[in-house]
Every structure is written in C-alpha cells, then in structure tokens.
Amino acid sequence: MFSKNLKYYRLKNNLTKAALASKVGVTPMAITNYENGDRRPDMPTIKALAKALGVNIADFLAVRNLNLIFSHDEFRKNNKLSKGQQEYVQESVEEYFNRFYEAVELLGGEILPQSPSMHKIEVSGEPEEDGKSLRRYLGLPEHGPIGNLIELLENLGVLVYLLDIDNDGFSGINGSVNDRPYIAINKNMTAERIRTTVLHEVAHFAFSWPVTMKDKEAEKHATAIAGAFLFPKEDAIRELGIRRKSITTDMYMVCKEYGIAMSMLVVRAHLCGIINDSVYRNYFIQAGGVKNEQSRILSEAPTLFEQLVYRAVNEDEISIQKGAELLKLPYDIVLSNCRFAEI
C-alpha cells in the first residue's frame with residue numbers, strides 16, 4: 001500500500017510533510033493526500049519521493065496485508081517522544097509485521113504456536129506474588145534464573161520486534177496483531193535493560209489492570225513485576241544471604257546468572273530487606289545513574305522471522321531475491337545463509 005509505505009519512510013527519515021514536499025516540489029497538502037490514500041502521485045513524483053527518502057521504488061509499491069488488524073497500546077503519558085516519533089514507532093511495527101506475516105502465509109499460515117490470552121491475570125498489587133503469577137502464565141517454574149526471554153516468548157507465540165531507533169525516550173511498547181500479542185523494544189539498550197523492558201511490556205498485556213490504577217502507578221508496578229520475575233525474593237536470599245553490609249564484586253556473578261543489571265539486583269536486595277537504605281542510596285550515588293551501567297551478558301534477539309524466510313527459500317516457496325526483500329538484507333548475505341549445511 002503506497003500511502004502507508006510513504007508515511008513509514010517519511011517518518012523513518014524524520015521529515016515533516018512540509019520538509020518532504022519542499023524536497024519533491026509539491027505542496028504539503030499533496031503529501032497529506034498521498035499518505036491518506038486520497039490521491040496517488042504520478043510516476044515522476046514517485047521517483048522524486050523515492051530519491052528524497054533514499055529508498056527503492058519497489059519499497060514504495062510493496063503490498064501491505066489488509067487483513068492484519070493492529071492494536072497498539074497507548075504511549076505512556078510521561079514518555080519523551082514527539083507525536084511524529086510515536087507515529088514512527090507504530091508505523092515501524094506495522095511495516096515489520098507485514099513482512100513477517102508474508103513469510104507466515106507463504107508457509108501455510110498455521111505455523112505459529114497458539115499465543116497466551118491477553119489481560120488474563122488479575123493484579124494482586126504485590127510484586128512478588130504478581131511476579132510468580134507471570135511465571136506461571138508463561139509456564140515457567142516460580143524460582144530460578146530464566147534464559148533467553150525473547151526466544152521463550154517466540155516459542156510461546158508472542159511476536160517480538162527489536163526496533164532500531166536512536167532515541168532513549170523510547171524503551172518499548174506492546175499491542176496485538178490479529179489478537180496475537182506483540183512487543184516492540186528499542187534495540188539500542190543494554191542486554192539487561194532489554195530483558196527488563198521485555199518483561200515490563202509482557203506484564204502490561206498479560207495482566208488485567210484495574211481501571212482505578214493511575215498510569216504512573218501501573219508503570220511502577222509493571223517494573224516491580226519485571227524485577228520480581230527475573231530475580232524472585234527466594235532466589236535473592238539464597239544467592240545473596242539474609243543480610244549484606246555492602247555491594248561487593250561477587251554480586252556481578254549473580255547478575256550474570258540471572259541476566260539482570262547490578263542496579264536491578266540492588267533494588268531487589270533493598271526490597272527484600274537484604275541491604276539497608278544507606279547501602280542502597282550509596283550505591284546509586286557512586287554508580288552515577290542506571291544509564292552509565294555497562295552490559296555484562298550477551299544480547300538477545302528474535303530469530304523466528306529469519307527462520308521462516310530461510311525455510312521458505314529452501315523449500316522453494318520464494319526466491320533468494322524475495323527473501324532478501326523480506327528481511328531487508330543484501331542478496332549475498334541471504335544466499336550465504338541458504339547453502340546446504342555441512343554434514
């Protein structure tokens with residue numbers, strides 16, 4: 001669908017309608033009409049738009065699946081994204097999952113596992129109990145470290161997208177595609193923060209949030225649930241002991257085992273009564289803020305989309321060129337990944 005593709009690439013290039021119109025030599029109202037689908041430009045204008053946005057004409061003419069129904073969660077009231085940036089996030093999600101579902105339909109459409117029901121868990125208000133409830137919701141034991149979260153969610157039928165956006169005002173969003181839950185996460189965060197944000201967004205769609213709970217309170221509780229999920233109180237006491245008088249380097253080993261940042265471990269230790277207020281405050285004063293913390297674990301990333309595309313190529317459902325177009329990768333890279341495995 002040309003109109004949706006034009007809007008996506010304009011927002012990706014961080015251009016206003018007026019700025020793009022100026023580059024192409026049309027009016028801002030013309031851009032509005034193109035994006036609304038009220039008018040379609042002639043081929044010379046399409047070429048000019050493609051040149052201005054640095055894309056191929058084929059990218060503009062890529063077909064969108066009109067049977068996909070998207071529902072996006074509202075952005076938090078305290079988020080730092082402009083309206084245009086919020087639109088870019090949503091348009092990016094829709095553009096990505098259009099390509100994703102094209103691969104799904106090529107392979108029969110029934111290859112995705114049944115996803116968990118959304119807004120299924122009642123909020124108790126106690127992070128420890130809600131963390132356990134979320135683990136049960138995902139079919140996990142109530143204690144112990146959790147491995148690759150993104151891989152786990154994809155195997156449960158939850159769609160995951162890592163969005164390459166250079167804006168630390170965006171961490172994540174959730175929603176649904178044809179009633180299947182999705183989460184989109186800023187890939188330019190540390191691996192530990194990605195894990196925490198993933199759980200934060202899962203909590204938003206897994207729980208049935210009371211209408212009386214204010215947004216700020218819900219955000220705080222979702223973060224607390226993520227912490228209790230990743231590092232339950234029983235594990236914290238077993239790993240750290242009942243009391244700690246200081247933050248020590250051996251704690252980094254625990255952080256790596258549970259895939260959490262030291263800042264989260266300190267928060268959890270404080271909430272569990274393992275460290276006192278003074279130790280807690282001194283850590284954050286000396287650390288200089290959460291954003292300065294270095295990552296100590298390997299990054300996680302979704303792999304299902306690539307797997308589906310390479311399977312479609314190797315089963316001769318699509319050409320290597322089509323696979324490259326779906327993945328937005330160079331032809332040679334897709335070709336190299338489609339060779340027979342050595343036995």
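1. I begin with helix H13, residues 262–271, where seven of the ten residues are buried, so that this helix is largely enclosed by the rest of the structure. It should be kept in mind throughout that this is a predicted model. The residues of H13 that count as buried are Met262, Ser263, Met264, Leu265, Val266, Arg268 and Ala269.

2. What surrounds the buried residues of H13? They pack against helix H7 (127–137), helix H9, helix H10 (215–230), helix H11 (233–240), helix H12 (251–258) and helix H14 (277–287). After H13 comes Gly273, and the phi of this glycine is positive, near 80°.

3. The sheet is the next element to consider. Four strands make up an open sheet with mixed pairing, and their order is S1-S4-S5-S3. Strand S1 (70–72) and strand S3 (159–163) are at the edges and have a single partner strand each, so one side of each is left without a neighbour in the sheet. On average, and with direction ignored, neighbouring strands of this sheet are turned by 25° against each other.

4. S3 and S5, by contrast, run parallel and are joined by five bridges. In that pairing Leu159 stands opposite Tyr182 in S5, while the bridge partner of Tyr161 in S5 is Ala184.

5. Asn178 is a residue other than glycine with a positive phi value. With a relative accessible area of 37%, Asn178 is partly exposed.

6. Are the residues of S3 and S5 buried or exposed? In S3, five of its five residues are buried, and the strand is mostly covered. Both of its faces are covered, with Leu159, Tyr161 and Leu163 buried on one side and Val160 and Leu162 buried on the other. S5 is likewise mostly covered, with seven of its seven residues buried. From S5, Arg180, Tyr182, Ala184 and Asn186 point one way, whereas Pro181, Ile183 and Ile185 point the other way, and all are buried.

7. Helix H9, residues 191–206, lies across S4 and S5 and runs at about 150° to S5.

8. A further helix pair is found at residues 304–314 (helix H15) and 320–327 (helix H16), which pack at an angle of about 165° with their axes 9 Å apart. That angle makes H15 roughly antiparallel to H16, and the crossing of the two helices is right-handed. The contact is made by Phe305, Glu306, Val309, Tyr310 and Val313 of H15, together with Ile320, Gly323, Leu326 and Leu327 of H16. Sorted by class, the contact of H15 with H16 has seven nonpolar, one polar and one charged residues.

9. Two single residues complete these notes. His119, which lies in the loop between H6 and strand S2 (121–122), has a positive phi of about 55° although it is not a glycine. At 45% relative accessibility, His119 counts as partly exposed. Met29, for its part, is found in helix H3, residues 28–36, and is exposed, with a relative accessible area of 52%. The C-alpha atoms of Met29 and Glu219 are separated by 39 Å, and these residues are 190 residues apart along the chain.

Definitions and conventions: Residues are numbered from 1 along each chain as its sequence is written. This is a predicted model: local features need pLDDT of at least 70, side-chain atom pairs count only at pLDDT 80 or more; totals for chains, interfaces and linings use all residues. Side-chain values use heavy atoms; hydrogens and water are left out. Axes are lines fitted to C-alpha atoms, for helices over the stretch in contact, and angles run from 0 to 180 degrees between N-to-C directions. Angles under 35 degrees count as roughly parallel, over 145 as roughly antiparallel, 65 to 115 as roughly perpendicular and the rest as oblique. A crossing is left-handed if the near helix is turned anticlockwise from the far one by less than a right angle, and right-handed if clockwise. Contact means heavy atoms within 4.5 Å. Ala, Val, Leu, Ile, Met, Phe, Trp, Tyr, Cys and Pro count as nonpolar, Asp, Glu, Lys and Arg as charged, and the others, Gly among them, as polar. Two strands pair if DSSP finds at least two bridges between them. Buried means under 20% relative accessible area, exposed over 50%, partly exposed in between (1.4 Å probe, protein chains only).
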